[in-house]
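Here is a short briefing to read with the model open in your viewer.

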Amino acid sequence: MIHDTLFVGIDVSKTHLDVHTHPAGKSWRCSTGPEALAELTQRLARLGPLAIGLEASGGYEARVAESLHAAGLEVHVLAPARIRSYARGIGQLAKTDKIDAALIARYLQAVRASLTPYVSDPIRQRLSAFTAHRRRIVAEKSGLVSQLDTIDEPLMPANRAHRIATAAVLADENICAISPTWPCSAPSR
């Protein structure tokens, strides 16, 4: 069977990318540094018609998706749970970065018609970054509040109360920075 489109699966981690082309079956690994990413983008652009799938990986995929999209390549950021379900469905239980890249490419081939390609959206990216940061601040505040009753050292409650107040201000500042309609009471620093 002749395929017009090459499907590329990229397993993204903090320090490297595992890349697999399907049905060609070629695999390689590269760094996530700016030069390596530029080289990967050029290498993939030379392969002809292709669709690229990246597994969403806690934000590490954003720079890769942006770089490939900026070069005019078709990129899809895929939900990890769907890829794992697909793997189970085809009986692929082993899990390595290289196998994951191949699975991503095969999954993309199977479902591409129902997917919407990645589109760069700076406002959404900024909102996502603020939301993630605020979520971490709120989690820290919650942890500090739960510790207030458990520590007998006299200086600790005052220290924690100060950190809780600071976390609340930071959380509000994040919202105020992105939402002109939010009632901002937090003083700017």
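The largest pocket holds about 490 Å³ of space. Here a pocket is an open set of points on a 1 Å grid over the protein atoms alone, where a 1.4 Å probe fits, with protein on both sides within 12 Å along at least five of seven lines. Grid points are joined across faces, edges and corners, and the volume is the space filled by probe spheres set on the points. This is a predicted model, in which local features need pLDDT of at least 70 and side-chain atom pairs count only at pLDDT 80 or more, while totals for chains, interfaces and linings use all residues. Residues are numbered from 1 along each chain as its sequence is written, and side-chain values use heavy atoms, with hydrogens and water left out.

**Largest pocket**

- Its lining consists of Gly 58, Gly 59, Glu 61, Ala 62, Glu 66, Val 77, Tyr 118, Val 119, Asp 121, Arg 124, Gln 125 and Ser 128; a lining residue has an atom within 4 Å of a point.
- Helix H2 (60-70) and helix H5 (122-147) are the elements that give two or more residues to this lining. Helices (H or I, at least four residues) and strands (E, at least two) are DSSP runs, numbered from the N terminus.
- By residue class, the lining of the largest pocket splits into 4 nonpolar, 4 polar and 4 charged. Nonpolar covers Ala, Val, Leu, Ile, Met, Phe, Trp, Tyr, Cys and Pro, charged covers Asp, Glu, Lys and Arg, and polar takes the others, Gly among them.

**Second largest pocket**

- About 180 Å³ of space is found in the second largest pocket.
- Its lining includes His 76, Val 77, Leu 78, Arg 82, Tyr 107, Val 111 and Tyr 118.
- Strand E5 (74-78) and helix H4 (97-111) each provide at least two lining residues, and E5 gives the most, with 3 residues.
- The lining of the second largest pocket has 8 nonpolar, 3 polar and 1 charged residues.

**Overall fold**

- The protein has 6 helices and 5 strands, and from the N terminus on they run β-β-β-α-β-α-β-α-α-α-α.
- Of the 189 residues, 33% are buried, where buried means under 20% relative accessible area, exposed over 50% and partly exposed in between (1.4 Å probe, protein chains only).
- Among contacts with a separation of 6 or more, 52% join residues 24 or more positions apart; a contact means heavy atoms within 4.5 Å.
- The protein exposes about 11,500 Å², and carbon and sulfur atoms supply 57% of that area. Accessible areas come from the Shrake-Rupley method with a 1.4 Å probe; for residues, only the protein chains shown count as cover.

**Helix H2**

- Glu 61, Val 64, Ala 65 and Leu 68 are the buried residues of H2.
- Seen down the axis of H2, these buried residues fall within an arc of 100 degrees, so they line one face of the helix. The arc is that of the directions from the helix axis to the C-beta atoms.
- The buried residues of H2 pack against strand E1 (6-12), E2, helix H1 (34-45), E4 and E5.
- Gly 72 follows H2 and has a positive phi, near 85 degrees.

**Helix H3**

- The buried residues of H3 (residues 80-89) are Ile 83, Arg 84 and Ala 87.
- They also lie within an arc of 100 degrees when seen down the axis of H3, so they line one face of the helix.
- Those buried residues pack against strand E4 (50-55), E5 and H4.
- The face turned away from the buried side of H3 carries the exposed residues Ala 81, Arg 82, Arg 88 and Gly 89.
- Arg 82 is exposed, with a relative accessible area of 57%.
- The C-alpha atoms of Arg 82 and Ile 104 are separated by 9.8 Å, and the two are 22 residues apart along the chain.
- Just after H3, Gly 91 takes a positive phi of about 80 degrees.

- Val 19 is found in strand E2 and is buried, with a relative accessible area of 1%.
- Leaving aside neighbours within four places in sequence, the contacts of Val 19 include Val 8, Ile 10, Trp 28, Leu 40 and Ala 101.
- Val 19 and Ala 105 are 86 residues apart in sequence and 9.0 Å apart in space, C-alpha to C-alpha.
- Pro 23 lies in the loop between strand E2 (16-22) and strand E3 (27-31), and the peptide bond from His 22 to Pro 23 is cis, with omega near 10 degrees.
- Most peptide bonds are trans.
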